[in-house]
Amino acid sequence: LEKQADQLRREKTRLPEGRWELPVFYDGLNGRPFAQSDDSKWKELLATFDAWHSAFPNSVTEPVARANNLVGYAWQARGGGWAGEVTDQGWKLFRERLTLARECLETAAKLPSRCPQWYTVMQSVALGQDWHRADYDKLFEEAVAREPTYYDYYFDKAYYLTPRWNGRNGEWEHFAAEAPARYDRAEERALYTRIAWSKDFLFGNLLRESAIDRKSTRLNSSHITNS
């Protein structure tokens with residue numbers, strides 16, 4: 001795993017559709033589908049990261065993967081419902097586990113090397129901890145300055161800007177429209193399409209129910225729909 005992650009970071013390997021392979025690598029280390037709501041499995045899972053750290057104390061991959069799992073563990077406690085549906089104990093565990101994830105990432109930031117996925121996981125922490133907009137934007141700007149083609153940064157910010165979280169109606173769509181010119185001109189309108197497609201899961205039909213421009217994405221309703 002150490003060798004594979006180092007290679008993916010160094011070579012910036014991409015999937016055929018253009019996304020970096022590195023996020024997919026970390027998806028493979030996500031234990032949430034395995035542990036689900038079984039607390040004993042979560043503890044077993046997190047113990048594997050202790051063993052990993054003992055074997056590779058200077059690894060940047062291990063703390064990023066650990067923090068990502070702690071975020072998943074936090075959401076397991078909270079549940080996926082609206083804030084008013086969360087129990088007091090759910091909020092308590094949610095906040096505690098997000099704090100552990102953030103501490104893990106902040107410790108990893110002191111290592112000599114940095115992993116692009118570090119920012120993605122920190123964006124998840126920022127969403128859960130309800131960071132102020134200025135702090136979130138600072139994190140995002142630092143991330144894209146380092147790796148403008150790491151699309152997950154854009155996907156995560158667009159989600160942060162949805163009305164359910166910290167944005168106003170039409171704000172995430174406006175961000176998607178401006179992103180190519182501001183951050184990655186080489187991508188042109190393809191980046192707009194990628195961001196739009198990443199939010200398809202929020203809609204029954206993205207092009208009919210959002211402010212995404214069909215012509216700019218070169219998509220039609222049969223390409224993007226959950227029906």
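**Helix packing around α9 and two local sites**

Helix α7 (residues 117-129) packs against α9 at an angle of about 10°, and their axes lie 9 Å apart. Angles under 35 degrees count as roughly parallel, so α7 runs roughly parallel to α9. On the α7 side, the contact is made by Tyr-119, Thr-120, Gln-123 and Leu-127. On the α9 side, Asp-152, Tyr-153, Asp-156, Lys-157, Tyr-159 and Tyr-160 take part. By class, this contact of α7 with α9 comprises 5 nonpolar, 2 polar and 3 charged residues. The model is predicted, and these values are computed from it.

Helix α9 (residues 152-160) also meets helix α8 (residues 133-146). The axes of α8 and α9 come within 10 Å and cross at roughly 165°. Angles over 145 degrees count as roughly antiparallel. The two helices, α8 and α9, are therefore roughly antiparallel to each other. Their crossing, that of α8 and α9, is left-handed. From α8, the residues in contact are Arg-133, Tyr-136, Asp-137, Phe-140, Ala-143 and Val-144. Their partners in α9 are Tyr-153, Tyr-154, Asp-156, Lys-157 and Tyr-160. The contact of α8 with α9 has 7 nonpolar and 4 charged residues, and no polar ones.

Attention now turns to a loop residue. Ser-59 lies between α4 (39-55) and α5 (61-78). Its relative accessibility is 6%, so Ser-59 counts as buried; the cut-off for buried is under 20%. The side chain of Ser-59 makes a polar contact with the side chain of Glu-2, at 2.5 Å. A polar atom of the Ser-59 side chain also lies 3.1 Å from the backbone nitrogen of Glu-62. Leaving aside residues up to four places away in sequence, Ser-59 touches Glu-2, Trp-52 and Leu-111.

At 59% relative accessibility, Arg-10 counts as exposed, because the cut-off for exposed is over 50%. Arg-10 and Cys-115 are 105 residues apart along the chain. The C-alpha atoms of Arg-10 and Cys-115 are separated by 10.0 Å.

How values were computed
Residues are numbered from 1 along each chain as its sequence is written. This is a predicted model: local features need pLDDT of at least 70, side-chain atom pairs count only at pLDDT 80 or more; totals for chains, interfaces and linings use all residues. Side-chain values use heavy atoms; hydrogens and water are left out. Axes are lines fitted to C-alpha atoms, for helices over the stretch in contact, and angles run from 0 to 180 degrees between N-to-C directions. Helices (H or I, at least four residues) and strands (E, at least two) are DSSP runs, numbered from the N terminus. Angles under 35 degrees count as roughly parallel, over 145 as roughly antiparallel, 65 to 115 as roughly perpendicular and the rest as oblique. A crossing is left-handed if the near helix is turned anticlockwise from the far one by less than a right angle, and right-handed if clockwise. Contact means heavy atoms within 4.5 Å. Ala, Val, Leu, Ile, Met, Phe, Trp, Tyr, Cys and Pro count as nonpolar, Asp, Glu, Lys and Arg as charged, and the others, Gly among them, as polar. Buried means under 20% relative accessible area, exposed over 50%, partly exposed in between (1.4 Å probe, protein chains only). A polar contact is a pair of N or O atoms within 3.5 Å; within protein, one must be able to donate a hydrogen and the other to accept it, and residues adjacent in sequence count only if both atoms are side-chain atoms.
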